[in-house]
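The report below goes through one protein model, from a single helix and its surroundings to the charged pairs on and within the fold. Please keep the sequence and the structure at hand while reading.

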Amino acid sequence: MGIFANLKTGLTLSLDSLTVLREHPKLLAFPVISGVATTVFFVFLYFGVFVAGFLGGGIAEYVALFVLYFVTTFTASLFTAALVHAVNDTFHEREPSVRRSVGAAWRMKGTIAVWSAIAAVVSLLIRQLEESNNPLSGIAASLFSLGWTITTFFIIPVIVFEDVDVKSMFSRSAETFADTWGETLGAGLGLGLIQLLLAVVAVLVAVVFGGVIATVSPGAGLLTGAFVVVFGLLVAYLVGQTIRGIAKTALYLYAREGTVPEEFTDFDFETLGGRAEHRATPNGERVER
């Protein structure tokens, strides 16, 4: 797929995902709760990391960093799993429930904890490579980070929809990405564009409102503009995270069940960019479409 085909694919996915969000705005609750919980914990624990580093670092700093990475990954993954569960409800014409979906995600806490611990160790390894004075280490960190992102692209949907062990968790995620939806990495261009457009709108609104108020009080105009920008960027981030979760769930469910959600009937899942895709069945077989 070329860059313009990728962009068109991503825009179509984004607009269809926005339709789902417009019909079920409560889906925004999951990234909101996750963001608040992660931020609060991050502030408190990062202070501990700072203190550990100030006192000399060593093993205490690595332990603090591991806990930081583990808890933030666990929190984000838990609510992402809840979002995926809720989106699956909407695709099957069930009204999503925040409490029910969070409860369903919590029942997977053991698997999510294992995933979070592995992700925390990997994050420490990448950090160690990035901080090395060897230029080759920086290149290795970039390549390893890219490979890790690709391998774990569908890790949360796999946890939600499949009863897998640790090894299968990663292999199923990588397999789904590489053999079924490898082209969708480029589609992130379109998803990112929607998020960027929302941010630009926020800035333009801030300029207009801030300018109008500044004619009366320059200070109030500046504060108003700053508030609108921050609020707008926050909304853009939350909407972006939500539609990414919706789009990824739609792609994964097609790969798993071969069904197309009603909201995505205008999107050609079978021939992304004109190339026939493979559909993964629940037992791990791949079927040519």
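## Helix α5

In this predicted model, helix α5 has a set of buried residues, namely Ile112, Trp115, Ser116, Ala119, Ala120, Val122, Leu124 and Ile126. The helix runs over residues 109-130, and its 22 residues, at 1.5 Å a residue, should span 32 Å; the C-alpha atoms at its ends are 31 Å apart, which agrees with that expectation.

## Overall make-up

The protein contains 10 helices and four strands, and from the N terminus the order of elements is α-α-α-α-α-α-α-α-α-α-β-β-β-β. Of its 289 residues, 42% are buried, and its accessible surface amounts to about 14,900 Å², with 69% of that belonging to carbon and sulfur atoms. When contacts between residues at least 6 apart in sequence are considered, 70% of them join residues that are at least 24 apart.

## The nonpolar cores

Which residues touch the most other members of the largest nonpolar core? In this core of 48 residues, they are Leu27, Phe91, Trp115, Ile156, Ile159 and Ile246. At least two residues of the core come from each of α1, α3, α5, α6, α7, α8, α9 and α10, and α3 gives the most, with 10 residues.

Trp115, one of the buried residues of α5, is in contact, leaving aside neighbours within four places in sequence, with Thr73, Ser77, Trp148, Thr152, Ile155, Ile156, Ile159, Met169 and Phe170.

## Phe41 in helix α2

Phe41 is placed in helix α2, which covers residues 29-54, and with a relative accessible area of 25% Phe41 counts as partly exposed. Apart from neighbours within four places in sequence, Phe41 is in contact with Val67, Leu68, Val71 and Thr72. The C-alpha atoms of Phe41 and Thr72 are separated by 7.6 Å, although the two residues are 31 residues apart along the chain.

## Salt bridges

How many salt bridges does the count come to? The count comes to five. One of the pairs is Glu95 with Lys26, whose closest N and O atoms are 3.5 Å apart; this pair links distant parts of the chain, since Glu95 is in the loop between α3 and α4, Lys26 is in the loop between α1 and α2, and the two are 69 residues apart. Lys26 is partly exposed, at 36% relative accessibility.

Glu162 forms a salt bridge with Arg172, with the closest N and O atoms 2.9 Å apart. Because Glu162 lies in the loop between α7 and α8 while Arg172 lies in helix α8, this pair ties together parts that are 10 residues apart in sequence. Glu162 is buried, at a relative accessible area of 13%, and Arg172 is likewise buried, at 10%. Arg172 also meets Glu175 in a salt bridge, at 2.6 Å from N to O; being three residues apart in helix α8, Glu175 and Arg172 are separated by about one helical turn. Elsewhere, a network of salt bridges links Asp89, Arg94 and Arg100.

## A buried charge without a partner

Asp16 lies in helix α1, residues 3-23, and is buried yet has no salt bridge. The nearest side chain of opposite charge to Asp16 is that of Arg22, 8.9 Å away, and a salt bridge would need a side-chain nitrogen within 4 Å of a carboxyl oxygen. Not counting residues up to four places away in sequence, Asp16 touches Glu263, Phe264, Asp266 and Phe267.

Conventions:
Residues are numbered from 1 along each chain as its sequence is written. This is a predicted model: local features need pLDDT of at least 70, side-chain atom pairs count only at pLDDT 80 or more; totals for chains, interfaces and linings use all residues. Side-chain values use heavy atoms; hydrogens and water are left out. Buried means under 20% relative accessible area, exposed over 50%, partly exposed in between (1.4 Å probe, protein chains only). Lys and Arg count as positive and Asp and Glu as negative; His and the chain ends are not counted. Contact means heavy atoms within 4.5 Å. The expected span of a helix is 1.5 Å times one less than its number of residues. A nonpolar core is a set of buried Ala, Val, Leu, Ile, Met, Phe, Trp, Tyr and Cys residues joined through side-chain atoms within 4.5 Å. Accessible areas come from the Shrake-Rupley method with a 1.4 Å probe; for residues, only the protein chains shown count as cover.
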